[in-house]
Amino acid sequence: MMRTTLLFFCILLTGCMVSAQTIDSTGLVRFSDVVLELQNSEFMRSGSLAVSVKAVKDGTKVFALNAERSLPSASTLKLVSTATVLALFGGDFKFQTFLEYDGTLRGDTLAGNLYIHGTGDPSLGSDRFKGYPTAPEMISRWVAAVKRTGIKYIKGKVIADASFFDKEAIASTWIWGDMGNYYGAGVQGLNFNENLYRIKFKPGADPGDPTTVLGTEPAIPYLSFTNQVTTGERGSGDKTIIYSSPLGNNVLLTGTVPAGNAVFTVKGSIPDPAWYTAYALKNSLSGNGVVVAEADQLDGSSIVMTTNPKKIIDEYKSPPLRELCQQANFWSINLFADAFFKQSGKRLSGSSGFDTAATAITGYWSGRGADLRGFYIKDGSGLSPSGSITAGSLTDILNLTNRDVSFKDFYQSIATLGQNGTVRNLGKGSRAAGNVHAKSGSIEGTRAFAGYVNAKSGALLSFTIIANKYVPGSNRVISDSLVKLMTLMAEL
């Protein structure tokens, strides 16, 4: 009892660092009580709860508990990636993708190669953006561009130029069980259709029966599947795991899909999406009367890019960066966040490698005044289980973004509790709904939220809450508890 009382006193003292005219002291005590109740609960007996709340205007601490403890960030790390890329490039920035050829064009014959030259756009071919081409529409656009030049015969190849980023498509610290699944898609200089494909299963009649792979969408005939997926109970949902390497053609399928469906579809990540993009374009060209003479290689890893001059025949621009960042934060798209991470690393250091980008981004925010002791990031999405941050470091970065010209874009890229994004169903009917902009984060054993609160007092507060290593099976309880904390923050 004495230990709890002393801890409470220390927290309350920290909270009182902010002006009493700004924050209601009674509300702060109530918030402190609930934090301590969760920290001392049976659910957190072997885990850690970290909380940091700061006033955005002057950076003063409103509340802190274990704010300097380094813990997994989960997807709250996407706030760092989006804040960084917006600060460096601005919300109006657009990624570009070029269709080019080299060699000599005589009549309808190209004695050279056709290139799809990417510059890291993670949204190319995505169906998330109204008014922008989907993957099939993008392929059709490129075919039309080739035909406008009069080309009917290409003596060379269709080549994916993904050299804008390094060849490290995934962070070395990602786990194998994530890589083949749609959320574990690697990042290349040329990405397409969010680097995902769908596998169509025919479940058996009864639980335990084997399943049949009916095919993929889009068709990727060069992939080889070892199917160990069985039939699960009706209504059990997608419980599959897709194992594949970033550049390999062999895919292992495990887990279950539910009975009672004629066809059940799961999403995976395309191995070497840049090479697939070239493959898809070549096939479409062939189906539209344009012959490509040279045969495909098994993968794009051995293709040597030429230094020959190239002529651009199509230039595509992505939606504005602010829209990409909003999708990344609203729906927690790992691919987008890691593309921003690499893009920022290349701008800051000249290298897009994961480790180099992590060092450069850490240095960027540290140089602006953030306390990044305990800030050990491994990627831009938070998918790496070995990456960690402190709650205090993230609120420091959130406060610093308020000084940027791009702050409005960043703030609007974060979903609003009870209204949209991954937090649309949380906090409904409370003051938090509409007043808390929060990025959620969840990986095994970790649940986190971070963002901004428009408090009852009129203050804009930044916050980070991380619950780590709570009792297994208590995800719902922990999530509800963290939502309650956000609700109480809105009452400050």
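In which helix is Ser344 found? Ser344 belongs to helix 8, which spans residues 334–349. The views below show a predicted model, in which local features need pLDDT of at least 70, side-chain atom pairs count only at pLDDT 80 or more, and totals for chains, interfaces and linings use all residues. Residues are numbered from 1 along each chain as its sequence is written, and side-chain values use heavy atoms, with hydrogens and water left out.

**View 1. The protein as a whole, with 12 helices and 22 strands.** Helices (H or I, at least four residues) and strands (E, at least two) are DSSP runs numbered from the N terminus. Along the principal axes, the C-alpha atoms fill a box of roughly 85 × 55 × 35 Å. Of the 492 residues, 57% are buried (under 20% relative accessible area; exposed is over 50% and partly exposed lies in between, with a 1.4 Å probe and protein chains only). Among contacts (heavy atoms within 4.5 Å) with a separation of 6 or more, 71% join residues 24 or more positions apart.

**View 2. Ser344 in helix 8.** The relative accessible area of Ser344 is 0%, so this residue counts as buried. Leaving aside residues up to four places away in sequence, Ser344 touches Thr84, Val85, Leu88, Phe89 and Ile361.

**View 3. Helix 7 (residues 321–331) and its cover.** The buried residues of this helix are Leu321, Leu324, Cys325, Gln327, Ala328, Asn329 and Phe330. An α-helix has 3.6 residues a turn, so residues three or four places apart point the same way. The elements covering the buried residues of helix 7 include helix 3 (78–89), helix 8, helix 11 (407–412) and strand 20 (436–443). Ser332 follows helix 7 and has a positive phi, near 55°.

**View 4. Gly107 in the loop between strand 5 and strand 6.** Strand 5 covers 104–106 and strand 6 covers 109–111. Gly107 counts as exposed because its relative accessibility is 65%. Between Gly107 and Pro319 there are 36 Å in space, C-alpha to C-alpha, and the two are 212 residues apart in sequence.
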